[in-house]
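Let's take a friendly walk through this protein. Have a look at the fold below, then read on.

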Amino acid sequence: MSIFTPTNQIRLTNVAVVRMKKGGKRFEIACYKNKVMSWRSGAEKDLDEVLQTNSVFINVSKGQVAKKDDLSNAFGTEDLNDICKQILAKGELQVSDKERQSQLETSFRDIATIVAEKCVNPETKRPYTVNLIERAMKDIHYSVKANKSTKQQALEVIRQLKESIQIQRAHMRLRLLLPVKEGKRLKEKLKPLLKVVESEDFDEQLEMVCLVDPGCFREIDEMIRCETKGRGSLEVLSLKDVEEGEERLE
C-alpha cells in the first residue's frame, strides 16, 4: 500500500528562513545558514548558493508551498528567482535569540575591525586598536543594523565617533606626475582635494607628493586622466599614512 504525500509539501532541514508579508499573505524562502547575510552584503552573488530550493513557501517548517496565483497577485510575477530575490532583500531573517545575539556580536566586532583598519587619531597619526573602537562604539550606544553591510555601518560609525573621540580616515600618500603645460592650471584645480602637499618638483614635469582623503582618490584620478588626456599619472605610495604604535584613550 503506497502512502500519499501531498505534492505541495517539501521537507527541508537545517534551514535559515526568510519571511515576508505581502498582499495580506505570508511568504517564506528556505536558505542555507550564514548565506543570507553574505548575499545582503554583496559577498555572495550566486543565488543557488543561498537558496536550498527556489520554491516559495507559506510555511517552510511544514513544507507548504505557496500557490502560483497568490505569488502572482502579491509580487506581480511568477518568476520564482525574482520573487526569491525580493524576499531576500526585504524579508525578515528568522533566527533564534541565541543566533541573533551571536550574529550581532560578530557584526559589531567586524565593524570595529574595519574602523580600526581605516582610521587614525589625526593628531598623532597612530591607529586605534579594535578593542578601543569597540569600547567607543559602546559608549555612543551604537546598534548593529542587520539589513546593512558591515562596511556601510563602519562608515556610519566613523561619522558618529567624530563627535566623541579624535578620529579620521587615514590619508593616502600619492605621487602625481603632471605635464608642464597643464601642471600649474591642474594644480589649482586639484588643491581643494589635497590635504597636505609634502613635496613639489617642477622640472620636465610637475611632480607632487601629497596626502589625500581616500574618498577623493577616484575624483583625483579621473581629473588627471581627463585633463591631461592620459599624459599625467598617479601613483599610490601608501594606502595609510600612519605612525608606528597604537593609540590609547586615557
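Helices here are DSSP runs of H or I with at least four residues, strands are E runs of at least two, and both are numbered from the N terminus. Axes are lines fitted to C-alpha atoms, for helices over the stretch in contact, with angles from 0 to 180 degrees between N-to-C directions. This is a predicted model: local features need pLDDT of at least 70, side-chain atom pairs count only at pLDDT 80 or more, and totals for chains, interfaces and linings use all residues. Residues are numbered from 1 along each chain as its sequence is written, and side-chain values use heavy atoms, leaving out hydrogens and water.

Start with helix 5 (residues 97-118) and helix 6 (residues 130-139): their axes lie 8 Å apart, at an angle of about 115 degrees.

Next come the nonpolar cores: sets of buried (under 20% relative accessible area, 1.4 Å probe, protein chains only) Ala, Val, Leu, Ile, Met, Phe, Trp, Tyr and Cys residues joined through side-chain atoms within 4.5 Å. The largest has 22 residues, and I29, V56, I87 and L88 have the most contacts inside it. Helix 4 gives this core its largest share, four residues. Apart from it lies another core, of 20 residues, including I111 and M137.

Finally, the cysteines. With a disulfide taken as two cysteine sulfur atoms within 2.5 Å, the count is zero.

| Cysteine | Nearest cysteine sulfur | Distance |
|---|---|---|
| C84 | C31 | 7.7 Å |
| C119 | C216 | 15 Å |

C84 counts as buried because its relative accessibility is 0%.

Conventions: Buried < 20%, exposed > 50% of the residue type's maximum accessible area, 1.4 Å probe, protein only.
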